Amino acid sequence: MLSCKEASRLISQSLDRQLTVRERLSLRFHLLLCDMCTTFRRQLSLIRVAVRRYKTQIENNESIRLSEDAKLRISNSIKID
């Protein structure tokens, strides 16, 4: 059985990649028995949804835009020589 540390790692990774069948089954079994990790997964999902909504709001808000000058300065400052 997975430890909570291993389960939390898989929960986080499941947001970025598809888990293997073995990982999914191991995680699902762990979550059946562990309320804390189930809560962690739920909270992580809520945070992800909230961040996506916030990102969408910012992208759709015309008053929050960088000026072309600011974009150029940022672009120049991150260029690798």
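The legends below describe close-up views of helix packing in a predicted model.

**View 1. The packing of helix H1 against helix H2.** Helix H1, which covers residues 4-14, packs with helix H2, which covers residues 21-33, at an angle of about 120 degrees, and the axes of the two helices lie 10 Å apart. Because of this angle, H1 is oblique to H2. The crossing that H1 and H2 form is left-handed.

**View 2. The residues through which H1 and H2 meet.** From H1, the residues taking part are Cys4, Ala7, Leu10 and Ile11, and these meet Glu23, Leu27, His30 and Leu31 of H2. Sorted by class, the contact of H1 with H2 holds six nonpolar residues, together with one polar and one charged residue.

**View 3. The packing of H1 against helix H3.** Helix H3 spans residues 35-60 and packs with H1 at an angle of about 20 degrees, the axes of H1 and H3 being 10 Å apart. Since angles under 35 degrees count as roughly parallel, H1 and H3 are therefore roughly parallel to each other. The crossing in which H1 passes H3 is right-handed.

**View 4. The residues in the contact between H1 and H3.** On the H1 side the contact is made by Cys4, Ala7, Ser8, Ile11 and Ser12, while on the H3 side Cys37, Phe40, Arg41 and Leu44 take part. By class, the contact of H1 with H3 comprises six nonpolar residues, two polar residues and one charged residue. Cys4, Ala7 and Ile11 of H1, which take part here, are also among the H1 residues that meet H2.

Notes:
Residues numbered from 1 in each chain as written. Predicted model: local features only at pLDDT ≥ 70, side-chain atom pairs only at ≥ 80, totals over all residues. Heavy atoms only, no water. Axes fitted to C-alpha atoms, helices over the stretch in contact; angles between N-to-C directions. Helix = DSSP H or I, 4+ residues; strand = E, 2+ residues; numbered from the N terminus. Parallel < 35°, antiparallel > 145°, perpendicular 65-115°, else oblique. Left-handed = near helix turned anticlockwise from the far one by under 90°. Contact = heavy atoms within 4.5 Å. Nonpolar A, V, L, I, M, F, W, Y, C, P; charged D, E, K, R; others polar.
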